[in-house]
Amino acid sequence: MSASEKKAEKRHLSWSQITKSLLAGGVAGAVSRTAVAPLERLKILMQIQGNEKVYTGIWQGTMHMWRTDGLKGLFKGNGLNCIRIFPNQAIKFMSYEQLSRRISHYLIDNGGDGQLTPLLRLGAGAGAGIVGMSATYPMDMVRGRITIQEGNKQQYRGMMHATRSIIANEGVLALWRGWLPSVIGVVPYVGLNFAVYETLKDLLIKSNNYRDERDLSIATKLSCGAVAGTAGQTVAYPFDVVRRRLQVSGWSGAEKLHAESGHAIAYRGMLDCFARTFREEGLGALFKGLGPNYLKVVPSIAIAFVTYEQMKELLGAEIRISG
């Protein structure tokens with residue numbers, strides 16, 4: 001095979017490689033989210049509640065969920081989250097690989113070495129995050145509603161019933177409430193995740209004269225993923241709070257957590273939600289649930305990255321996340 005043929009072959013992944021990459025990404029998402037499901041539910045409940053807090057801390061909130069719904073309550077919404085996160089993560093990781101690969105080849109074609117800078121990695125990660133999030137957003141909205149249901153007062157019996165009820169009572173566009181702040185927030189969140197993770201790995205590989213990332217230990221990769229997840233979440237967190245509040249805006253099921261004059265708080269849009277939250281609850285309200293979120297996101301992101309790479313190696317797919 002000639003050098004030009006080898007170069008062309010490397011530019012295009014086979015359908016087998018694409019399928020393996022999608023499967024690895026989906027498994028990584030499902031495993032990582034299940035591992036931190038109780039913290040994920042607690043974070044959402046804390047994000048939505050108003051000044052009269054039902055959940056005041058990580059331990060108190062976890063015990064309240066246990067007393068209200070038992071062990072099952074700690075994982076409420078996780079099944080739907082895994083159904084959502086499998087295609088979400090699969091599409092996100094695959095999109096990142098394709099975007100970074102195309103950028104790398106563009107750099108090579110223009111006389112460069114094909115290595116992506118942290119800024120280019122951030123751009124590729126942001127693009128991948130928007131694609132993955134948008135493709136599965138209605139499932140995230142439905143999952144948010146199901147997650148905050150407590151005790152016997154549950155309006156929705158499951159994903160399909162919730163979806164039909166929301167469309168019937170609020171219209172199909174209700175499934176996309178909170179999409180705009182999600183798009184804005186996903187740029188720094190996913191972008192920084194990939195950029196920081198890849199940059200840290202490259203620095204460690206070069207400083208230790210390793211051949212490639214296969215020489216890095218799993219513990220090292222977990223540490224890189226933890227730092228990446230913390231950086232991304234801190235910057236994007238206020239947008240996540242606004243997204244969750246818009247998803248339950250005006251919904252009677254959220255009355256217990258955040259009500260005004262006996263009715264669930266309703267927002268006119270993203271800017272109104274930001275303004276009212278800041279005016280009525282203070283700046284700290286935009287970071288409600290950050291405590292359990294830190295405990296959740298560090299292992300979640302780290303497990304996702306490592307599971308993805310281990311799955312790709314097990315399946316015989318290409319190893320590197322980026323080109």
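Reader: Which residues are linked in a network of salt bridges?

Author: A salt bridge is counted when a side-chain nitrogen of Lys or Arg lies within 4 Å of a carboxyl oxygen of Asp or Glu. In this structure a network of such bridges links Glu-40, Lys-43, Arg-84, Asp-140, Arg-143, Asp-240, Arg-243, Arg-244 and Lys-296, and by this rule the count of salt bridges comes to 26. Please keep in mind that this is a predicted model, in which local features need pLDDT of at least 70 and side-chain atom pairs count only at pLDDT 80 or more, whereas totals for chains, interfaces and linings use all residues. Residues are numbered from 1 along each chain as its sequence is written, and side-chain values use heavy atoms, with hydrogens and water left out.

Reader: Where do Lys-43 and Glu-40 lie, and how far apart are their closest N and O atoms?

Author: The general idea is that an α-helix has 3.6 residues a turn, so residues three or four places apart point the same way. Lys-43 and Glu-40 are three residues apart, about one turn, in helix H3 (residues 37-48), where helices (H or I, at least four residues) and strands (E, at least two) are DSSP runs numbered from the N terminus. The closest N and O atoms of this salt bridge are 3.7 Å apart. Both Lys-43 and Glu-40 are buried, a word that stands for under 20% relative accessible area, with exposed meaning over 50% and partly exposed the range in between (1.4 Å probe, protein chains only).

Reader: What does Arg-243 meet in a salt bridge, and which residues is Asp-240 in contact with outside its sequence neighbours?

Author: Arg-243 meets the side chain of Asp-240 at 2.3 Å, N to O, and these two residues also lie three places apart, about one turn, in helix H10. Both Arg-243 and Asp-240 are buried, and for Asp-240 the relative accessibility is 10%. Leaving aside neighbours within four places in sequence, Asp-240 is in contact (heavy atoms within 4.5 Å) with Lys-43 and Gln-47.

Reader: Arg-268 forms a salt bridge with Asp-272; is Arg-268 buried or exposed?

Author: Arg-268 is exposed, with a relative accessible area of 76%, whereas Asp-272 counts as buried at 12%. Their closest N and O atoms are 3.4 Å apart.

Reader: Let us turn to aromatic rings. How many aromatic pairs does a search of the whole structure find?

Author: A pair of aromatic rings is described by the distance of the centres and the angle of the planes. Rings of Phe, Tyr and Trp (its six-membered ring) pair if their centres lie within 6.5 Å, and planes under 30 degrees apart count as stacked, over 60 as edge-to-face and the rest as tilted. The search of the whole structure finds five aromatic pairs. One of them is the stacked pair of Tyr-137 and Trp-176, at 6.0 Å centre to centre and 15° between the planes. Tyr-137 lies in helix H7 (residues 137-147) and Trp-176 in the loop between helix H8 (159-170) and helix H9 (179-207), so the pair ties together parts that are 39 residues apart in sequence. Tyr-137 is buried, with a relative accessible area of 1%, while Trp-176 is partly exposed at 36%.

Reader: What are the values for Tyr-156 and Trp-251?

Author: Tyr-156 and Trp-251 are stacked, at 5.4 Å centre to centre and 5° between the planes. This pair links distant parts of the chain, 95 residues apart, with Tyr-156 in the loop between H7 and H8 and Trp-251 in the loop between helix H10 (218-247) and strand E1 (259-260). Both Tyr-156 and Trp-251 are buried.

Reader: Which helix is H6, and what do the buried residues of H6 pack against?

Author: The expected span of a helix is 1.5 Å times one less than its number of residues. Helix H6 (residues 118-135) has 18 residues and reaches 26 Å from its first C-alpha to its last, close to the 26 Å expected. The buried residues of H6, including Arg-121, Gly-125 and Met-133, pack against helix H5 (78-109), H7 and H9.
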